Amino acid sequence: NFINVVLDPQFRNAVLDTIRYVAVALGLTFLAPIVLAIMLNEIPWFKQSYRMVFFLPQVCSSVVIMLLWKQMFDSSSRGYLNKIVLAVGHGLGANPQPIDWLGSSFWAPICVVLPVLWASVGMGSLIYLAALKSVSDDIYEAADLDGAGLFQKIAHITIPTLGPLIVINFVGAFIGTFQQLQNIFVMTGGSSGTRVLS
């Protein structure tokens, strides 16, 4: 059975699709909460409102989120994203055609990851934000007195503080990304370069 699986070209294609999906998913969904948490930590106004807005997708079912985004990526001119593309194209004097977002082997893996990113970035950023709140303000004030800029503080204080949490979350995200099935199945049914091993 193992020999048959390894020799099966569909299995080899599924392995390649899985690796590509994992690379895209981790590249987008793992870094975004860290960046968002740092931004929310540095924003001086309306912090609670921003946190609520980014956390709202967390209360929706993942299948409902996928179906909403599937409507956005509809390949006809009725799809919300295609409406924007057509309007901008006509405004620039071009004659654009609707894009088959979920039927393209280039766009489909990205389109499958974007709803996951939108739905999960809020929870991830809150976890990182809680870790950032444990850093004493005295450390940042001392860095200010030493003449450290924003990026120096992020590189020498924030990232080392989040280091253990980043490692733990990376392991969980890495394993979870390999197990993704329902989101891909709802969006593409496993077509267009999204036929992953699951």
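F170 lies in helix 9. Helices here are DSSP runs (H or I, at least four residues), numbered from the N terminus. This is a predicted model, where local features need pLDDT of at least 70, side-chain atom pairs count only at pLDDT 80 or more, and totals for chains, interfaces and linings use all residues. Residues are numbered from 1 along each chain as its sequence is written, and side-chain values use heavy atoms, without hydrogens and water.

**A nonpolar patch**

F170 is partly exposed, at 35% relative accessible area. That term covers values between buried (under 20%) and exposed (over 50%), with a 1.4 Å probe and protein chains only. F170 belongs to a nonpolar surface patch with V167, V171, F174, I175 and F178. Together they have about 510 Å² of accessible area. Patch members have over 30% relative accessible area and no salt bridge, and nonpolar side chains are joined within 5 Å.

**Salt bridges**

Side chains of opposite charge can pair when their charged atoms come close. A salt bridge needs a side-chain nitrogen of Lys or Arg within 4 Å of a carboxyl oxygen of Asp or Glu. The whole structure has three.

| Pair | N to O distance |
|---|---|
| R20 and D17 | 3.0 Å |
| R78 and D74 | 3.7 Å |
| K153 and D144 | 2.9 Å |

R20 and D17 sit three residues apart in helix 2, so about one helical turn separates them. R20 is partly exposed at 37%, while D17 is buried at 12%. R78 is exposed at 61%, and D74 is partly exposed at 25%. K153 is buried at 14%, but D144 is partly exposed at 43%.

**Two pockets**

A pocket is an open set of points on a 1 Å grid where a 1.4 Å probe fits, with protein on both sides within 12 Å along at least five of seven lines; lining residues have an atom within 4 Å of a point. The largest pocket has a volume of about 390 Å³. It is lined by 17 residues, and T29, V116, S120, A173 and T177 are the closest to its centre. Helix 2 (9-29), helix 7 (107-133) and helix 9 (150-178) each give two or more residues to this lining. The lining holds eight nonpolar, nine polar and no charged residues.

The second largest pocket holds about 210 Å³. K153 and D144 are among its lining residues. Helix 8 gives the largest share of this lining, three residues. By class, this lining has three nonpolar, one polar and six charged residues.

Conventions. Points joined across faces, edges and corners; volume = space filled by probe spheres on them. Nonpolar A, V, L, I, M, F, W, Y, C, P; charged D, E, K, R; others polar. Patch = residues over 30% accessible without salt bridge, like charges linked within 9 Å, V, L, I, M, F, W, Y side chains within 5 Å. Areas by Shrake-Rupley, 256 points an atom, 1.4 Å probe, with all protein chains shown as cover.
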